[in-house]
Amino acid sequence: MVKDTRGLLQESWMRGSVDFPFQMYDMRTEGELITVPCHWHEEVEIVRMEAGGLAVRVDEEEALLYPGDVAFVNAGQLHQMKAVSRDTRYHAYVFPLKALLFEREDLAQINLLRPLLENRLGFPLLLSGEGVLASQVRRRMDDIIAWDQSRPVGYEILIKAGLLEIICILAGQNCLVEYHTRRESDVCKDILLYIQEHYREKIAVPEVARAVGISENYFSSFFGRHLNKNFVDYLTEYRINQSVILLEATDHSVTDIALECGFSTPSYYIQSFKRLKRMTPLQYRRKGGHYR
């Protein structure tokens, strides 16, 4: 059974396999535009843009990716992505940095891999497709994608060598940046986890602010700056996405789903659902769960 992950703000499931925890995602628009909601994970993610356009937000930084661009997400960074055209396609490679470590510590590991693993160094957000550096990294990513797809004998070593070469290319051009997890990022994660745990209940800003240790007056501006939308809109969208899972996986009535997902009334749920999905919950269910 495929695990439904739409409700998870921190991704913590296994990538690849126990023996090779590396995972390639071939992302392309099929029907509705690709939307990857705000989340984080303990692995590094490299995005190789193939076609169309992709809006990426990592912590408070934003970038618009076009074909040939390469983007990086460091371990633990909050990030979200949304296609800006219907021909959007990209490959995302997700892997744990610790899997690149050598059994015997050497200078390369001490000077490069350890600082990356310990969040003292980080990857840059964006390499423009027009630059020489992006071209070098893109070629390595294309090799990694090809090895992942064809899986020749020893492809695991080839992929790890390719990732290590990308790190060397970036280090050689002084493109690795000073990086450490900010207090603001941790607070934002606490807010999102609070929503994940309490979305079925009535949630008010004062109680969330108290739970994460910031003032009620500061909360709204803080949330908008980090999530790029206001708290009520985010909470409503999260509840709608949770309701979609129930619409697809159960035969619960719309009324029961509305109440289970934290909506005060079924009518408000239907109104909110229609605004976000362009159809009612029953229409969505009758269409087999497919978006327009």
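Colleague: Which residue in β8 is the bridge partner of Val 36?

Modeller: Keep in mind that this is a predicted model. Strand β3 (residues 35–41) and β8 run antiparallel and are joined by three bridges. In β8, the residue bridged to Val 36 is Met 81.

Colleague: And in β8, what is the bridge partner of Leu 54?

Modeller: Strand β5 (residues 54–58) also runs antiparallel to β8, with five bridges between them. Leu 54 has as its bridge partner Ala 83.

Colleague: How many of the five residues of strand β8 are buried?

Modeller: Strand β8 covers residues 79–83. The strand is largely enclosed by the rest of the structure, because the number of its five residues that are buried is four.

Colleague: Which strands stand at the edges of the five-stranded open sheet?

Modeller: The order in this antiparallel sheet is β2-β9-β4-β7-β11. An edge strand here has a single partner, so one of its sides is left without a neighbour in the sheet. The strands in that position are β2 (23–28) and β11 (126–127).

Colleague: What is the bridge partner of Arg 48 in β9?

Modeller: Strand β4 (residues 44–51) and strand β9 (residues 89–95) pair over seven bridges, in the antiparallel sense. Within β9, Arg 48 is bridged to His 91.

Colleague: At about what angle does α2 run to β4?

Modeller: α2 lies across β2, β4, β7 (70–73), β9 and β11. Helix α3 packs on the sheet too, touching β4, β7, β9 and β11, and its direction makes about 95 degrees with that of β9. For α2 against β4, the angle is about 95 degrees.

Colleague: Are α2 and α3 roughly parallel or roughly antiparallel to each other?

Modeller: Helix α2 (residues 132–150) and helix α3 (residues 155–172) have axes 9 Å apart and pack at an angle of about 170 degrees. Angles over 145 degrees count as roughly antiparallel. The two helices are therefore roughly antiparallel.

Colleague: How many nonpolar residues does the contact of α2 with α3 have?

Modeller: From α2 the contact includes Leu 133, Val 137, Ile 144 and Trp 147, and from α3 it includes Leu 158, Ile 159, Leu 163 and Ile 166. Two polar and three charged residues also take part, and the nonpolar count is 12.

Colleague: What covers the buried residues of α1?

Modeller: In helix α1 (residues 107–117), the buried residues are Gln 109, Leu 112, Leu 113, Pro 115 and Leu 116. Their cover includes β10 (121–122) and α3.

Colleague: Does Ile 214 count as buried or exposed?

Modeller: Ile 214 is in the loop between α5 (205–212) and α6 (216–227). Leaving out residues up to four places away in sequence, Ile 214 touches Val 187, Ala 209, Phe 219 and Phe 222. Its relative accessibility is 16%, and the cut-off is under 20%, so Ile 214 counts as buried.

Colleague: Which backbone oxygen does the side chain of Thr 236 reach?

Modeller: Thr 236 lies in helix α7 (residues 231–249) and is buried, with a relative accessible area of 6%. Setting aside neighbours within four places in sequence, Thr 236 is in contact with Phe 263, Tyr 268, Ser 272 and Arg 275. At 2.9 Å, its side chain reaches the backbone oxygen of Val 232.

Notes:
Residues numbered from 1 in each chain as written. Predicted model: local features only at pLDDT ≥ 70, side-chain atom pairs only at ≥ 80, totals over all residues. Heavy atoms only, no water. Axes fitted to C-alpha atoms, helices over the stretch in contact; angles between N-to-C directions. Parallel < 35°, antiparallel > 145°, perpendicular 65-115°, else oblique. Contact = heavy atoms within 4.5 Å. Nonpolar A, V, L, I, M, F, W, Y, C, P; charged D, E, K, R; others polar. Buried < 20%, exposed > 50% of the residue type's maximum accessible area, 1.4 Å probe, protein only. Pairing = 2+ DSSP bridges. Polar contact = N/O pair within 3.5 Å; in protein donor to acceptor, adjacent residues only side chain to side chain.
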